[in-house]
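Welcome, and thanks for joining this tour. Please open your viewer and get ready to select a few things as we go.

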Amino acid sequence: SDLPLVTAHSVREIWTFSKKLRALNLSDCVNLTDKGFPSPHSRHDGQSLRHSGRLVVPSPPAQFELKQDEKPAVEISYKDGLSPLVLPPHHKLHHLHCLTFRYLSRLTDDAVIGTLSHLRHVIELDLAGCVRITDRIAKSLLNVGQNLETLDLSQAKNLMDNGVFRLVRGCPKLRQVNVSRKHSNHFIVIT
């Protein structure tokens, strides 16, 4: 099979260590789940996550060794070996202008919201084929939407009129929008 083998493990490394990224394209990485993206929550299973100015990124369980009487910052999901990726609030990717999550069909609102909470100057955002996203992402896009010019939400089957209205009204520089049910390279051009 020619499917990409990129998983949440390697994408987490990008978020954690590549602070000077200008563009990130994760198109068609079908194995990616929300675990590869920053968590929008500071809590998991009712327990507060500690990060005290550092990243909470435990290693997979096989490699995760604790000192005697030490407890992990969060519970690790043994299903995929990853805890939620909690980045400190000051961990911002100021240089990331172009973000492409095209056809990440397992991606949910939480991954998009968590990612957008660490961005400030996104100009292009491509969420085409992200069929699980909903109107919940609209509020997060408004927080970074001051510079947003191009937005592709084609095939976002759960996105409704209210979400589109909020986006268009809250993103003053928006010039191209694609909200078609079928993907195309045709955008609605706003002048």
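**Stop 1: the whole chain.** Keep in mind that you are looking at a predicted model. Switch to a cartoon view and follow the chain, which has 4 helices and 8 strands.

**Stop 2: the surface.** Of the chain's 191 residues, 41% count as buried.

**Stop 3: the core.** Hide the surface and select Trp15, Phe37, Phe101, Leu104, Leu125, Leu127 and Leu153. These are the residues with the most contacts inside the largest nonpolar core, which has 39 residues. Next, colour α1 (8-17), α2 (109-116) and α3 (137-144): each of these helices supplies at least two residues of this core.

**Stop 4: Phe37.** Zoom in on Phe37. Which residues does Phe37 touch, leaving out those up to four places away in sequence? Among them are Val11, Trp15, Leu26, Leu85, Phe101 and Ala111. Across the chain, 76% of the contacts with a separation of 6 or more are between residues 24 or more positions apart.

Stop 5: Select Cys98 and Cys171. Is each one buried or partly exposed? Cys98 is partly exposed, because its relative accessible area is 23%. Cys171 has a relative accessibility of 3%, so Cys171 counts as buried. As you look around, note that the structure holds 0 disulfides.

Definitions and conventions: Residues numbered from 1 in each chain as written. Predicted model: local features only at pLDDT ≥ 70, side-chain atom pairs only at ≥ 80, totals over all residues. Heavy atoms only, no water. Core = buried A, V, L, I, M, F, W, Y, C linked by side-chain atoms within 4.5 Å. Buried < 20%, exposed > 50% of the residue type's maximum accessible area, 1.4 Å probe, protein only. Contact = heavy atoms within 4.5 Å. Disulfide = S-S within 2.5 Å.
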